Amino acid sequence: MRPHCADSPQHQSQGIRKSISRLVRGVDHSLLWIDRSPSNCHRGTHTGARSLSGGSAMPRCATYTFQDPTLYASAIRPANVGIFPTARGRFHATLTQVDFDRLWTQFANESLPRVAHSTLPNRYNIAFLADSNQPGAKYCGMEISPNAAVLGAPGSSRHIRSYAACRWATMSLTPDDLSVAGAALTGRELRLGSAIRVLHPEPAHMAHLLRLHTATRQLAESAPEILKRSEVSNALEQELVHAMVTCLADDTGADTSAAWRQHSAIMKRFEDYLAANCDLPLYLPHICSATKASERTLRNCCQEHLGMGPLKYLWLRRMHIARRALIRQDPARVTVTQIATQYGFWHLGRFAVSYLRLFGESPSVTLHRPDDPKVSPKIIS
Amino acid sequence: MVQSGSAVFTDPNDYRAGIGIGGASVNLVVNNKHAFNGRLTWLKQRDLYLLIARENVPRIACFSLAPTRTFISFPASSNTTLIWGGVALQFGDVVFHSPGERAHQWTKRASTWGLASLPSEQFTTYGKVLTGLELTAPPVSRVLRPRPSAISRLRRLHASACRLAETRPEIHAHTEVVRAIEQEYIHALISCLTAKDAYGNLVIKRRQEDIVLKFEDVLRDHANQTLSVRKVCAALGVTYQALRLSCADVLGVSSSRYIRLKRNVAGDATALC
C-alpha cells in the first residue's frame, strides 16, 4: 500500500480513525434516508420513499495506478469514457473507487492534461475538482472552477478537458436513490433535469462535500479495513449523500442556452460516430456528413467543447489508436510502417516525429518494448 | 485502382500528353531557345487526380479541361510566375476553373505548378457536406486568395502526396493511405475554395481571353497557310490594337511571335513524322 500524503501511514491512519469516530458519533440518525432496518425511518413527507430491505453490503474500495490511458478510461465508472492526453509525456493516473451500498465515489489523479468523453448509462453523477490548488477544467464548453460541480443525468454525454495535471472526483447514485434521498433530505423534489448542468453550491456546502470526499479517499487508500465496519461505512455514506443533496438543492443555475444545447447535440452525434467506428481512422468529410454539421459549425463546437479543432482531435485520436496497436502487436509480425499506414499516416517521417513529440518515445521503441507490466493497471489496495 | 508515377520529358509534345493524365488536354509552345525539360508527377486515385509539373523554360499553354470534372490549379513554388487568362497569379492564389474551360496559361521563367481535379458530382457532395452550401464550379473561372494557412496546407498535402508518388509509389497500395490522402486533400481543397476572389471582376480579362481563343482557333484552322496579323484581325473581327493587347496579356508575346512559335512547333512535328 502506498501512502499518498506526507505524513506517515500510521499517523495518517490514526488521524482518520479519530475523524471517523467523530463522524459516526455525529451522524444525525433522524436524517437517515436509506432505510436499512425493518422499520421505516425516512424523514420528510416523501410518500414514494422506498423501503430498502436487507443489510448493508460491505463497501468495495480499490486504488489502481495506470499508465495506459485506454485501460484507465475503461476503469472509470459509472460512465463509458474515452481519454486522450493532449500534452507530451508519460501518462500516469491513480484511481480510487469506493462503492458504498448505494453511493459510488471515485477520485482520480492524472499527470497530464487531456480531453475525455464520457456517457453516463444509468446513474446521476456529480463531478468536481478534488481540490482548489489546480486550474479549472472545461465541461461541455463550460469553464468549471474548483468551487463548482457538474451534474450529469443518465444518458447524457459530455466532453471534459483539463489544462494541466488534474485531480477530480465523482459521486453517483441511481435516479431512484437520488430522488428518494432528495425528497427525504430537502422535503421537495430535486431539480435534476435530463442533461448536463453546472452547479454553483454555497461555498461552505461545497467545501464540506470536498472534505468528506477527501476523508473517504484517504480512508480507502490508507485504512480500508476501517471501511469494513458497517457503522463507519453507513455513517460515511449518509454524510456524503447528505452533502451531495445539499449541493444539488443549492443550485439556482440558469438553464443552458439553445445554442449550447444545439452544439451539445452535434458533439453527441460526433462522439457517437467515433464510438461506432472506434478502431477506424476517420476524416472530417465523414464526420461532417455523420453529424449533419458544416465544418465551420463543427469547428466552433469542437473549440468550445474540446479546446481544439476537429482536425487536431481526430489526429490525436488516430495517434492514440496507432499507439495502442503498436503496444499490442507482435514486432515479429508487423512493422511500424504497416501500423502507421493502417491508420492513415501516409507521411511516415512526420508520423515518427509527431509520435515522438506526443509520447516521448519513437514508434519503433513502443513496438519493440517487451510486455511492460507497468502499462497494465496496478492494484495498490 | 491507384495510378501514380513521375517522368521527365525533353519533348514538349510528350510532356503535354503527360499532362493529359490529369484530365486536361494541353497545347504547349515553348517560348525559349533553350532545350525543354519538364517533370510531371501524378497521382490518380478513384476520384481525385493530382498533378505537379516542373518546367525549366518559359512556355505558353492552351488548356482544355474535361467538363465532367472540377479543376483547380495554382503556383506550387514561390519563384513561379504563372499568368492564367491574362491574370498574373501570386504565390498563394488558386484558380477555380469553370467546367470544360479553355484558357491560356503562360510562364515567364522556370516554374512549378499544381493541378487537382475531382468529378463534379463528388465535388458538389463534399462541398455540401463540409460547408453546408451548394458549392459548384463557377460558370466563369475565378482567381481565389485563400487564407495563408489554408493554401499552405493544400500545397503541403499536394507536394507530399506527389513526392510519395515519386519516392514510394508502393505505399499507394494501402487502402487506408489512399483514403487518408483523398479525405485530407478534399478537406483542404474545399477550405481553399470558400475564399474570396483575389482580383474582383475579371470581365475585361475574360474578353481578352475570348479573343485569343478565337485567334487560336483561326491558327488551328489555317495550320498549313501563312497568316498575316492583318488577315487574322479580319478573320476575328477585332482591331489590331485589341489583338495586340489581348495577346500581350494572355500569351505574354505579340500575335506575330505567337504565330511564328506555333509554326515552329508544327514544323518540328512534321519533321518528326
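Which residues have the most contacts inside the largest nonpolar core?

Reply: M244(A) and L189(B) have the most contacts inside the largest nonpolar core, which has 168 residues. A nonpolar core here is a set of buried Ala, Val, Leu, Ile, Met, Phe, Trp, Tyr and Cys residues joined through C-beta atoms within 7 Å. Buried means that 20 or more other C-beta atoms lie within 10 Å of the residue's own; exposed means 12 or fewer, and partly exposed is in between, with C-beta atoms placed from the backbone.

A word on the source. This is a predicted model, in which local features need pLDDT of at least 70, side-chain atom pairs count only at pLDDT 80 or more, and totals for chains, interfaces and linings use all residues. Residues are numbered from 1 along each chain as its sequence is written, and chains are lettered from A, with ligands numbered from 1, in the order in which they are written.

Helices (H or I, at least four residues) and strands (E, at least two) are DSSP runs, numbered from the N terminus. Set aside the neighbours of L189(B) within four places in sequence. L189(B) is then in contact with I72(B), A116(B) and L154(B). Contact means C-beta atoms, placed from the backbone, within 7 Å. In soluble globular proteins, nonpolar side chains tend to be buried together.

Next, the domains of chain B. The assignment gives domain 1 (3-193) and domain 2 (203-272). Such bounds come from an automatic or database domain assignment. The C-alpha centres of the two domains lie 26 Å apart. Across the boundary, 14 residues of domain 1 are in contact with 16 residues of domain 2. On the domain 1 side, β5 (59-65) and β10 (102-107) of chain B each supply at least two residues. β10(B) gives the most, four residues. By class, that side has eight nonpolar, five polar and one charged residues. Ala, Val, Leu, Ile, Met, Phe, Trp, Tyr, Cys and Pro count as nonpolar, Asp, Glu, Lys and Arg as charged, and the others, Gly among them, as polar.

The chains also touch. Their contact takes 14 residues from chain A and 18 residues from chain B. On the chain A side, α8 (284-291) and α11 (336-342) give two or more residues each. α8(A) gives the most, with four. This side has seven nonpolar, six polar and one charged residues.

K292(A) lies in the loop between α8(A) and α9 (295-306) of chain A. Phi of K292(A) is near 55 degrees, a positive value in a residue other than glycine. K292(A) is partly exposed, with 13 other C-beta atoms within 10 Å. C140(A) also has a positive phi, near 50 degrees. C140(A) is found in the loop between β7 (137-139) and β8 (142-144) of chain A. This cysteine is buried, with 26 other C-beta atoms within 10 Å. Most residues other than glycine have a negative phi.

Last, strand β11 (residues 166-173) of chain A. Seven of its eight residues are buried. Strand β4 (residues 104-110) of chain A pairs with β11(A) in the antiparallel sense over seven bridges. Pairing requires at least two DSSP bridges between two strands. F107(A) stands opposite A169(A) there. Strand β6 (residues 124-129) of chain A also runs antiparallel to β11(A), joined by six bridges. N125(A) stands opposite S172(A) in β11(A).

Key:
Two residues are in contact if their C-beta atoms, placed from the backbone, lie within 7 Å.
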